[in-house]
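Here is a short report on one protein model. Look at the sequence and the structure first, then read on.

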Amino acid sequence: MSEAHAPFVAVLMGGRSAEREVSLHTGEQVAAALRQTAHRVTEIDTGEPDFIAKLGELAPDVAFICLHGRFGEDGTVQGLLELLEIPYVGSGVLASALAMDKVMSKHVFAAAGIPSPAYVALDAGRPYDVDDITGRLGPRTVVKPANEGSAIGVTIAHSPDELPAAIEEAFRHDDSVLVEAFVAGVEVTVGVLGNDELTALPTLEIVPEHEFYDYDSKYVPGMSAHIIPARVDEHTRQECTRLSIEAHRALKCRGMSRTDTIVAEDGRVYVLEVNTIPGMTSTSLLPDAARAAGIEFPELCAMLVRLALE
């Protein structure tokens, strides 16, 4: 592809969420990869007050959204780009908002018959009963802010005594909190690429150094191992893939998604969450899975731009 015919891409990065630093790193790597494939690229920090005016002036052919968390992964920037009539990489407003909100995702999964761990949703200012929650979910639970990514504010409560502090920590990050039954097992993530025709990437098993796949495990080199294909039997790999495609379709994702699943000790597979803007750093999961499928990082970025322009 010659530079004269390559799309002009605005890489949107930074932003105002708790994941700003990760987003800046992602944006830098995506911009560099697109330049390798002869794209014309400009980087825009959406944390700057004039970024909307800058976008309007530049009038790019496509926006590559490298924003994680609020004001990027939640449908807000997608809505802005719709108003500006700029095509963009990834899912639309509704899919982005649904996938970002872990409680709303649970409703969609239930309606679509997609298995997911049992849960209780809590709202700020409303009382809750620890005995009732643990009676429904078991003594060991996972507590998450409903609308954060990168495991920010996530705690494993090993006993009912630890639950109030875990809930309080999650409420520091969001007004809506998800308390989920803890499922012991193998963490398997599956990337999905495409719009109408979908391609699943190889299964990837996550082995974190810490108790779960927390912030350091995601972004600090050496803090987690990625094993491709996942060390589960072929039937289970196929089930992880099937459920990831079903979750992608249920939320109406486009372009790409990465679905996190857990394979329980009894062999059952549960969907944990869907990421509509997976990380694109050197330690990220989707680029690793794509590489295992023979798709190098620059080619992956170029492919996502093509899908945005379909």
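## A partly exposed aspartate

Asp 61 has a relative accessibility of 35%, so this residue counts as partly exposed. The cut-offs are these: buried means under 20% relative accessible area, exposed means over 50%, and partly exposed lies in between (1.4 Å probe, protein chains only). Arg 40 is also partly exposed, at 33%.

Asp 61 and Arg 40 form a salt bridge, and their closest N and O atoms are 3.7 Å apart. A salt bridge here is a side-chain nitrogen of Lys or Arg within 4 Å of a carboxyl oxygen of Asp or Glu. The two partners are 21 residues apart and link distant parts of the chain. Asp 61 sits in the loop between α2 and β3, while Arg 40 belongs to strand β2.

## About the model

This is a predicted model: local features need pLDDT of at least 70, side-chain atom pairs count only at pLDDT 80 or more, and totals for chains, interfaces and linings use all residues. Residues are numbered from 1 along each chain as its sequence is written, and side-chain values use heavy atoms, with hydrogens and water left out.

How many salt bridges does the structure hold? The count is 16. One of them joins Asp 260 to Arg 258, at 3.1 Å from N to O. Are these two partners buried or exposed? Asp 260 counts as buried, at 11% relative accessibility. Arg 258 is buried too, at 7%.

Glu 296 and Arg 291 meet in another salt bridge, at 3.9 Å from N to O. Glu 296 is partly exposed, with 43% relative accessibility. Arg 291 is partly exposed as well, at 35%. A network of salt bridges links Lys 106, Lys 144 and Glu 180. Side chains of opposite charge can pair when their charged atoms come close.

## A sheet of three strands

Helices (H or I, at least four residues) and strands (E, at least two) are DSSP runs, numbered from the N terminus. Two strands pair if DSSP finds at least two bridges between them.

An open sheet has 3 strands in the order β2-β1-β3, with parallel pairing. The edge strands, β2 (40-45) and β3 (62-65), each pair on one side only. Neighbouring strands of this sheet are turned by 25° against each other on average, direction ignored. Strand β1 (residues 8-13) runs parallel to β2, and 6 bridges join them. Ala 10 has Thr 42 as its bridge partner in β2.

Two helices pack on this sheet. Helix α2 (residues 51-58) touches β1 and β2, and its direction makes about 160° with that of β2. Helix α3 (residues 76-84) touches β1 and β3, and its direction makes about 175° with that of β3. Contact means heavy atoms within 4.5 Å. Axes are lines fitted to C-alpha atoms, for helices over the stretch in contact, and angles run from 0 to 180 degrees between N-to-C directions.

## The nonpolar cores

A nonpolar core is a set of buried Ala, Val, Leu, Ile, Met, Phe, Trp, Tyr and Cys residues joined through side-chain atoms within 4.5 Å. The largest one has 32 residues. Those touching the most other members include Val 11, Val 30, Phe 64 and Met 280. The largest share, 8 residues, comes from α11.

Which residues does Val 30 contact, leaving aside its neighbours within four places in sequence? They are Val 11, Phe 64, Cys 66, Met 280, Phe 297 and Cys 301. A second, separate core of 18 residues includes Val 108, Val 190, Leu 251 and Val 271.
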